Each structure stands twice: as structure tokens, then as C-alpha cells.
Amino acid sequence: MPVDKTNVTAIARRAVNGDTNALADLLGELAPFVVRTTRLIVGAGTAAAEDAAQEALIDVARRIATLRDPEAVVSWAAQIATRRALRAARSERLRRQSDVEVQAVQSPERVNDHRAALSAAFDRLPRRQRAIAVLRLYAGFSERETADVLGITLGAVKSQLHQARSTLSAALP
Amino acid sequence: MNDEIDTIDPIDLDRELREMLLAREGPETPQPRVRRSRRWIAVPLAAAIATAAMAVVVLTQGGRNHHDVTASSGAQCAAALEWHGATYTGTRVPHPLSFDGGLGEGTLPACGDNPGEGGRAATRTSLVAVAGVSPEQAVAIAGDSATLYVAYGYFPQQPGTALHRALYGNRPGLPDERENDCANTKLQTVEATVSTARLGILRVKLADGGDLPRETFIFPDARTIIIADGDPPHVRPGDTVRADVLVCRHPNDKRFLKLVATKLAIAKRVIADATG
């Protein structure tokens with residue numbers, strides 16, 4: 001899990017209760033997770049991804065006073081980030097340009113052909129499947145948590161993750 | 001998940017996918033876009049932090065240290081710039097600004113300890129006037145039509161002004177601070193000393209607010225009647241204000257408090273004459 005939930009929950013509790021120092025601390029703790037999750041869903045290295053990440057962070061900052069359950073701050077932030085990312089992915093039609101731009105951010109550590117193929121295939125996945133894969137495999141959410149973040153059923157998470165795996169597997173050399 | 005995957009074990013695939021995602025996760029902060037202001041990261045987020053800080057502060061009923069996040073956080077730079085000795089606060093606008101001639105250079109103040117990691121060294125930047133708006137009240141950074149920088153002390157909330165139009169477009173009813181959160185309201189008159197006035201929102205110390213916190217914010221909105229000597233109205237730190245405020249509390253949240261000014265009378269700070 002990229003975020004230390006215990007630490008973040010404690011900070012979130014202070015922030016929600018009016019400690020403005022804690023708000024800055026909370027943003028500092030959540031920012032890497034929010035930014036990277038958003039970026040991975042939208043498509044790394046694209047302007048839309050960076051915009052979406054920025055907007056997601058702004059949402060987190062603006063809505064912190066509305067967070068009722070500090071224990072759920074990570075899921076809450078993930079939900080904000082994912083929504084921003086899905087919206088950006090849809091509007092920017094990123095898959096058309098992802099191959100070129102993703103290559104740009106992967107250098108200088110030139111990856112092998114296998115991973116390059118996996119990366120390119122991942123960018124061609126439907127955006128919701130990308131989101132599920134990122135939440136499950138990168139962010140470390142359970143299938144239930146992933147379903148809650150995305151507002152879909154557990155079955156939908158399982159089936160779409162399976163579909164993603166099938167697509168990726170077929171695309172590998 | 002009963003279907004078989006033909007060419008690779010799903011566990012191996014998950015591992016590879018996880019490694020691939022980790023390899024391309026990128027840096028921890030959003031990266032500046034090409035051909036866009038270098039301040040792209042700092043402005044909206046810092047503005048959001050400022051807004052959120054205000055929101056959080058008004059949730060507290062005194063006794064807390066009202067720390068200014070935008071000014072102190074090393075993690076993010078304040079959405080501010082300096083020009084001709086005045087400080088301006090940046091805010092996003094819903095429609096692109098129309099520019100009206102160059103103003104020379106202003107300064108983006110230094111902030112944070114580590115430039116490149118959320119911090120920034122002081123930077124000179126080209127400023128432009130905004131069509132119809134006096135540069136004393138607001139300016140913009142050349143090439144960034146999405147952010148308006150409003151000088152401390154002015155009130156963009158006042159409808160019928162160029163400053164209001166620049167920020168809210170043709171929506172004279174905005175901002176409306178009385179929506180939603182002002183379900184349980186009483187009217188009260190307060191006297192206060194102004195600490196700061198960014199984007200027209202006053203951070204004040206109340207002279208005697210009864211059960212109100214001594215340090216709080218007063219939110220003017222489009223319906224606020226502002227009484228001041230100058231035109232446009234302007235307030236500075238140390239000025240005193242007498243305000244009729246709606247004391248807004250939330251029926252389901254005892255911590256929520258918001259003072260919305262219905263009338264705001266500004267009295268300039270009396271500066272002692274050194275000779276007398």
C-alpha cells in the first residue's frame with residue numbers, strides 16, 4: 001500500500017477537526033498516492049494526466065471539511081483521484097496518443113520488449129479496466145474496496161479485471 | 001474467476017503488471033505542462049489549500065491557532081505575486097481573461113525550502129493588465145488567462161464592477177455565501193480588527209464577539225453592503241470594521257461556524273503622527 005493508513009488516518013482526524021497544520025500534512029502524505037494513481041489511470045506522461053492529478057489534489061484540499069470518516073481517508077482520496085482520472089481519460093482520448101508519450105516517460109531506463117508490450121497494451125485497455133488494475137495491483141485495494149471506490153459491484157470488478165488480464169496476456173509477445 | 005488465461009499465469013501477469021505500474025508511476029507531484037506557466041502547479045493547489053484552510057478554520061470555534069497554511073507550508077507555494085509593493089492573491093476564473101497591455105515584471109515570492117520539490121526561489125514574471133480592471137486591483141501573468149491575481153484588500157464580491165465580472169462573469173448574484181450552510185442563522189453586529197484581506201475575505205480579531213471565537217473570518221458576498229471612504233472600497237491590516245453578520249451554523253455540525261457580512265463599514269487605521 002503506497003500510503004501509511006494509520007499515519008494518514010491520524011492526520012486526517014486532526015485536519016477534519018479543524019487543525020489547519022494537519023491539512024498541509026495530510027496533503028503532503030496523500031499527494032504521492034493521489035498523483036500517481038491518477039497518472040497511471042489516465043496515462044503517464046500526458047498533459048491530461050498531470051491536469052487530472054492536479055485537480056484531484058485540489059478536490060482533496062477543498063473537500064476535506066466534508067470528510068465524515070477519517071478512517072476512510074485513503075479510500076476517499078482514491079475515489080476523488082479515480083473520478084478525476086476517468087473523466088480526463090474519457091475527454092482526452094488518451095489511448096490514441098499513449099504509445100508515444102508513455103515511451104517518453106519510461107526512458108532513460110529502457111525497458112525490455114516484454115514490459116514495453118505490456119505497458120502499451122495497458123494503455124489500450126478501457127479506462128475503467130485501467131482504473132481497476134491500478135487500484136487493485138498498484139494501490140493495493142481489495143476487490144471490495146475497489147468496487148466501493150468505483151461505485152460498482154464486486155462482480156463487475158472481478159469480471160473486468162479478468163477481462164483486463166485476458167487482453168493483456170493476449171497482447172504479450 | 002473460472003476462465004483460463006491462455007498464455008500467462010494470472011499471478012505472474014499481476015506481478016508483471018504491478019512492476020510495470022511501479023516503473024511508470026512517475027514523480028510524487030504533478031509535473032508542469034509544456035508551454036504553460038511554470039506556476040501551473042503552485043497556483044491552483046495553493047489556492048485550494050487556502051480555501052480549504054479557511055473552510056477548516058471556520059469549523060473551529062476558537063481556541064485554536066489559526067495558522068496560515070498558504071504562507072507557511074514548505075510543501076506548496078502560495079498563489080501570490082508582488083507588483084509595485086502590493087501583494088496579489090491568485091484565483092482561478094471560470095472564463096479566460098481578456099488582457100489589456102503589459103505591466104512589466106512582478107515577483108513570485110520565494111517559498112519552501114527545496115525549490116523543485118514543491119518550493120520555489122523568487123522568480124520574476126511578466127504581468128499584464130486585465131481588460132477593464134485597474135492593475136491596482138488585479139493583474140494576470142502573461143500567458144495565463146485562467147488565473148486572476150487580486151490585490152490584498154479589494155473586494156471582488158461587489159457586483160457591477162469590472163473586478164467582479166473578471167472573476168464571476170455575468171453572474172451578479174455570485175458569490176452567495178448564504179446558501180446551504182446558513183440554515184440556522186442569527187444576525188449580530190461585531191467590531192473587529194482586520195488581520196488580512198485576501199480575495200475580499202477578511203481574517204479578523206473580534207473586539208467582543210460574545211460566544212464567537214476571537215479570531216475568525218468574515219465573508220462578504222454579492223449582497224453585502226460595503227461602506228468605505230474610498231471607491232473602490234479597500235481595507236488594510238489594522239483597519240477596523242463594524243459588520244452586521246449572519247452567524248451561520250449548521251444544524252448537524254456543532255463545529256460549523258461562518259460569519260457572512262450583510263453590511264460592512266470600514267474605518268481606516270489611525271496612524272500616529274510621529275511629530276505629534
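## A guided tour of chains A and B

Begin by selecting Phe217(B), which is found in strand E9, residues 215-219 of chain B, and keep in mind throughout that this is a predicted model. Phe217(B) is buried, because 20 other C-beta atoms lie within 10 Å and 20 or more is what burial requires.

Of the 276 residues in chain B, 41% are buried, and among its contacts between residues at least 6 apart in sequence, 64% join residues at least 24 apart.

Next, visit some backbone details in the loops of chain B. Select Leu174(B) and Pro175(B), which are joined by a cis peptide bond with omega of about -5°; Pro175(B) lies in the loop between helix H4 (162-168) and strand E7 (184-198) of chain B. Then move to Asp231(B) and Pro232(B), where a cis peptide bond has omega of about 0°, and where Pro232(B) sits in the loop between strand E10 (225-227) and strand E11 (240-250) of chain B.

Two residues with a positive phi come next. Select His84(B), which is not a glycine and yet has a positive phi of about 55°, and which is found in the loop between strand E1 (80-83) and strand E2 (86-92) of chain B. Is His84(B) buried or exposed? His84(B) is exposed, since 12 other C-beta atoms lie within 10 Å and a residue with 12 or fewer is counted that way. Leu199(B), also not a glycine, has a positive phi of about 55° and belongs to the loop between E7 and strand E8 (201-206) of chain B. Leu199(B) counts as buried, because it has 24 C-beta neighbours inside 10 Å.

Turn now to the nonpolar cores. The largest has 60 residues, and those with the most contacts inside it are Leu26(A), Val34(A), Leu57(A), Val60(A), Ala77(A) and Val134(A). Helix H2, residues 20-42 of chain A, supplies the largest share of this core, 13 residues. Select Leu26(A) and look around it: leaving aside residues up to four places away in sequence, Leu26(A) touches Val8(A), Ile11(A), Ala12(A), Ala15(A) and Ile64(A). A second, separate core has 46 residues, including Leu81(B), Val204(B), Val235(B) and Val245(B).

Finish in chain A with helix H7 (residues 127-138) and helix H9 (residues 154-171), which pack at an angle of about 100° with their axes 9 Å apart, so that H7(A) is roughly perpendicular to H9(A). To see the contact, select Arg128(A), Gln129(A), Ile132(A), Ala133(A) and Arg136(A) of H7(A) together with Val157(A), Gln160(A), Leu161(A), Gln163(A) and Ala164(A) of H9(A). The residues of this contact divide into 5 nonpolar, 3 polar and 2 charged.

H7(A) passes H8(A) in a right-handed crossing. Here Ala131(A), Ile132(A), Leu135(A) and Arg136(A) in H7(A) meet Glu143(A), Thr146(A), Val149(A) and Leu150(A) in H8(A), a contact whose residues divide into 5 nonpolar, 1 polar and 2 charged.

Methods:
Residues numbered from 1 in each chain as written. Chains lettered and ligands numbered in written order. Predicted model: local features only at pLDDT ≥ 70, side-chain atom pairs only at ≥ 80, totals over all residues. Axes fitted to C-alpha atoms, helices over the stretch in contact; angles between N-to-C directions. Helix = DSSP H or I, 4+ residues; strand = E, 2+ residues; numbered from the N terminus. Parallel < 35°, antiparallel > 145°, perpendicular 65-115°, else oblique. Contact = placed C-beta atoms within 7 Å. Nonpolar A, V, L, I, M, F, W, Y, C, P; charged D, E, K, R; others polar. Core = buried A, V, L, I, M, F, W, Y, C linked by C-beta atoms within 7 Å. Left-handed = near helix turned anticlockwise from the far one by under 90°.
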